[in-house]
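Please look through the structure below with the sequence at hand. The paragraphs that follow take up a pair of helices and then a sheet.

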Amino acid sequence: MSGWAPSGVWRVLWVILAVAACRTDGPDTGILPLDGLALRALRPGATATVTGSGFVPGPATLELSGTVSQPGAPPRPWTFSVAASATSDRELVALLPEGVVDVLQATHGRFRGSATVRFPPPATPGLPPLVGRHDGLSLPMVSEVPAAQAVRAELEEAAQRFLEQLGVEVTVEAPGRPGGERRVVVQRVRDPQPPLDELRPGDRLAELDGIPVSSLADLAPNPDAAWITLTAAEAESGRPFELHLGLRAADETFPAADALALFVVLAVLGLVLYLHFAGCSDVLARALAFPLVRRAPALPEPDAGSGSRRPRWPGLLAAGTSLGAAAAAPALFYRAGQAWPVLGLWAVAVAALLVHRLAHAVGDLLRERATPWTWLTRSFGALASAGAAALPLTACVALVLWNAAALTAGGAVAAQEALPPAWAALRDPFALLLACLALVRLGPSFAPGQPGWRTAVDAAATLPACLLLALIGFGGWNAGPFEPAAFGGLPVGAWVFEGKVLLLVALAAWYGRRRWARGRDPRAAGLGWLAALPLGAASVMLEQLVPTAWYAAVVEPATVGLLGALLLALWLGHRQQAEPAILEIRVDAG
């Protein structure tokens, strides 16, 4: 009987995918059906009433998670938890504290997201937690504290520029009754072109992209938006109507931005092809991707020779358990880890790297029967190696916290989109190189013939870091409108997240195995970690210095081109490596 059997690293990937395919649990939608949230606006002192069924009278937690839009700024991720109390099996109430609007820099905003109700864990072991979730919320946010003078002046200046661009003149009227809000009323439209021809003098401007308008500062638009929605109300009837307006004038946009973006991508890929046909693909592959083109005889694992005198099943069991956990962890995290803090995940990943370095160092020292002085020096070397591996990962986390202000895993994913150009790691070439540096510095070897416990340690150290990178840099479980759709017992978002994490784990294992085959220890500290901080600083400075139009037309396409160049260079190098040698035999007659 003939056929193909997985071997080597493919056997590892086969086991991972087989275990992942065994996951048939459903999505974590909660077991409590929630009917809705009764709340006019998010403001201090307001009472939020959640209706549903199956509530347990007593204390609970109400969590609001989504994005907050406010004048003059793009939407930002936001999560807020407040103590609540279930008054019956169908109703839960929560009094919103002062801190519910701390996220606002002005007096108005708009929250869009979901509400999650969590009850304390049941006293009976084995019972599932009582959790319910209600999506599709859109609530105005109102702060009674006036904005700072500098902030208000900046917003009013941006609003004035916006109104001048539209050709609309407005006035702010005092409230008509005690306790009422001021009104922003249209005085004149200078050039009533569609859709502004629907505005009439006396009409009230009610909302801008869903944000209530009661002052000139509330009309400051989102500078990153290409289109906005202005909601107005007729002067006589009060009937609301919407106007969809372009934020930038035609002469302010970058000329031929789409054509230039396509040119940048094709230019980078064309450069790689030219260098390949010029005979430089080996050098290019080593410079851009991984040093994998030339092979060297594989080095034996330090204690591989002694493995035959000991039973192998404990190591194999540990390796299988670790690989199985690596396969199941992404799906489990999708179900129960969306509220985990990003810094907590980073701490777990760094701790796993430290344990990885120390465990391998202890294994080597026990095999060599080293002296106490060698134990001391190797221990400090393991600590230094773990620090060098953790620095690029730390820079990636810091970059995400700087750009998206996302403190939870769900917030980090919400700040990205489903398609690769909107992933955090593809914001610019420096962020992409930083993510690649963090991946290749993890240091697992997965060396052929190594004991099972070493494979288990390699897998256990690689998984948390790859899971964190997939969350903060590569879109996480974001699958757009297909995320909640079920497939094979799991939502599409869980499968997307599973595939990204396992792909990163496979790349880290593959790189470490090849590096070990070339006679280099992938756990060595090296000097590559020194590039982490300059890459992170360059990414921040690039976004601050490059105009938005140029950023979208040049920087983002160049990043996509760089990613394509990395993949193409790697493929070209290995294709040359895999080409069989031709043996020519000549037989001379006579």
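At what angle do helix H10 and helix H11 pack, and how far apart are their axes? This is a predicted model. In it, H10 covers residues 452-473 and H11 covers residues 492-517. The two helices pack at an angle of about 130°, and their axes are 9 Å apart. Angles over 145 degrees would count as roughly antiparallel and those from 65 to 115 as roughly perpendicular, so H10 is oblique to H11. The crossing of H10 past H11 is right-handed.

The residues that make this contact can be picked out on both helices. H10 contributes Thr 462, Leu 463, Cys 466, Leu 467, Leu 469, Ala 470 and Leu 471. From H11 come Phe 497, Lys 500, Val 501, Leu 504, Val 505 and Ala 508. Sorted by class, the contact between H10 and H11 holds eleven nonpolar residues, one polar residue and one charged residue.

Now turn to the sheet. Seven strands form an open sheet, and their order across it is E1-E2-E5-E4-E3-E6-E7. The pairing is antiparallel. At the edges lie strand E1 (34-38) and strand E7 (131-142), each of which pairs on one side only. On average, neighbouring strands of this sheet are turned by 25° against each other, direction ignored.

Strand E3 spans residues 58-70 and strand E4 spans residues 73-86. Twelve bridges join E3 and E4 in the antiparallel sense. Which residue in E4 does Gly 66 stand opposite? The residue facing Gly 66 there is Trp 78.

Definitions and conventions. Residues are numbered from 1 along each chain as its sequence is written. This is a predicted model: local features need pLDDT of at least 70, side-chain atom pairs count only at pLDDT 80 or more; totals for chains, interfaces and linings use all residues. Side-chain values use heavy atoms; hydrogens and water are left out. Two strands pair if DSSP finds at least two bridges between them. Helices (H or I, at least four residues) and strands (E, at least two) are DSSP runs, numbered from the N terminus. Axes are lines fitted to C-alpha atoms, for helices over the stretch in contact, and angles run from 0 to 180 degrees between N-to-C directions. Angles under 35 degrees count as roughly parallel, over 145 as roughly antiparallel, 65 to 115 as roughly perpendicular and the rest as oblique. A crossing is left-handed if the near helix is turned anticlockwise from the far one by less than a right angle, and right-handed if clockwise. Contact means heavy atoms within 4.5 Å. Ala, Val, Leu, Ile, Met, Phe, Trp, Tyr, Cys and Pro count as nonpolar, Asp, Glu, Lys and Arg as charged, and the others, Gly among them, as polar.
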